[in-house]
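The sequence and structure come first.

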Amino acid sequence: MQKPKLIVDGKRLDGRGFEELRPIKIEAGVLKRADGSCYLEMGKNKIIAAVYGPREVHPRHLQDPSKAVIRYRYNMAPFSVEERKKPGPDRRSVEISKVSREALEPVIMKELFPRSGIDVFVEVLQADAGTRTACLNAASVALIDAGVAMRGMVTSVAVAKVEGNIVLDPMKEEDNYGDADVPIAFLIRNDRIESIALLQMDGRLTLEEMKKAMELAKKGAMQIYRLQREAIMKKYMKEETEEPEEENEQ
Ligand code: ADP
């Protein structure tokens, strides 16, 4: 297929400027059965995150007597992409699960929960590039919603090089036909970016472009971080004003 034109009159295909995020929607506490949960949209990406734990780990030999064991499962629904995706894990989802777990692990105060396990499940219901970043944002909110002690928030966004321009939060066409794609996650603590929790790249950037990409990612991440916080605050405000829900097992 011929490469489409991705920038027209200084705008991207969906009308965004180079430094603009896609519309974001975040809601915490959407699942009744999970200890913590989050629904998140970033453009056309639709993600559900569910957290279980801290709880006892089975089988027992997987327990760590000094700290909690964290498990992270990234999964794409068969209907999340244009052509039906074969269900179940594949190389890509195993890799994304591993790097995402590694991004979250240092932020979770694992030493407070010896012998226990914290399971993070993220389900991609609809994918449009940047799913690993959207999933990390949802997972972070779900972990906080579950009451897991955290050193801060993990906030993630990708940057890309498209027709010579560094752009924030690439969508599918930009990811497919762009020259570089760089997903980044930050640890944000006390409203400040403290460190980088994940950094991947495919394609090629000059050092100058990489610096620009990092600055742009930082700006984007701070916007997402505020929305993550807002979602958590909203959930707790709601809990305070609402009567406890009746258990309605059927
Ligand atoms: P990310 O979603 O984190 O950007 P990739 O760069 O690997 O990860 O994937 C980019 C996009 O390509 C995905 O968001 C999705 O829209 C699409 N994609 C990934 N895997 C598949 C697949 N097996 N079938 C169809 N589309 C896919």
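## Overall count

The model is predicted. Across the whole structure, a search finds 26 salt bridges.

Arg-16 and Glu-174 form a salt bridge, with 3.8 Å between their closest N and O atoms. The two partners lie 158 residues apart and link distant parts of the chain. Arg-16 sits in the loop between strand 2 (11–12) and strand 3 (24–28), while Glu-174 belongs to helix 3 (residues 172–177).

Buried means under 20% relative accessible area. Arg-16 therefore counts as buried, at 4% relative accessibility. Glu-174 also counts as buried, because its relative accessibility is 1%.

## A pair within helix 1

Glu-102 and Lys-98 meet through their side chains in a salt bridge, 2.9 Å from N to O. Both residues are in helix 1 (residues 91–104); because they are 4 residues apart there, about one helical turn separates them.

Glu-102 is partly exposed, at 36% relative accessibility. Lys-98 is partly exposed as well, with a relative accessible area of 44%.

## The network

Salt bridges with shared partners join Arg-12, Asp-14, Arg-16, Arg-22, Asp-128, Asp-169 and Glu-174 into one network. The buried residues Arg-16 and Glu-174 are among its members.

## Another pair

A salt bridge also connects the side chains of Asp-64 and Lys-67, at 2.9 Å from N to O. Lys-67 has 30% relative accessibility and counts as partly exposed.

Methods:
Residues are numbered from 1 along each chain as its sequence is written. This is a predicted model: local features need pLDDT of at least 70, side-chain atom pairs count only at pLDDT 80 or more; totals for chains, interfaces and linings use all residues. Side-chain values use heavy atoms; hydrogens and water are left out. A salt bridge is a side-chain nitrogen of Lys or Arg within 4 Å of a carboxyl oxygen of Asp or Glu. Helices (H or I, at least four residues) and strands (E, at least two) are DSSP runs, numbered from the N terminus. Buried means under 20% relative accessible area, exposed over 50%, partly exposed in between (1.4 Å probe, protein chains only).
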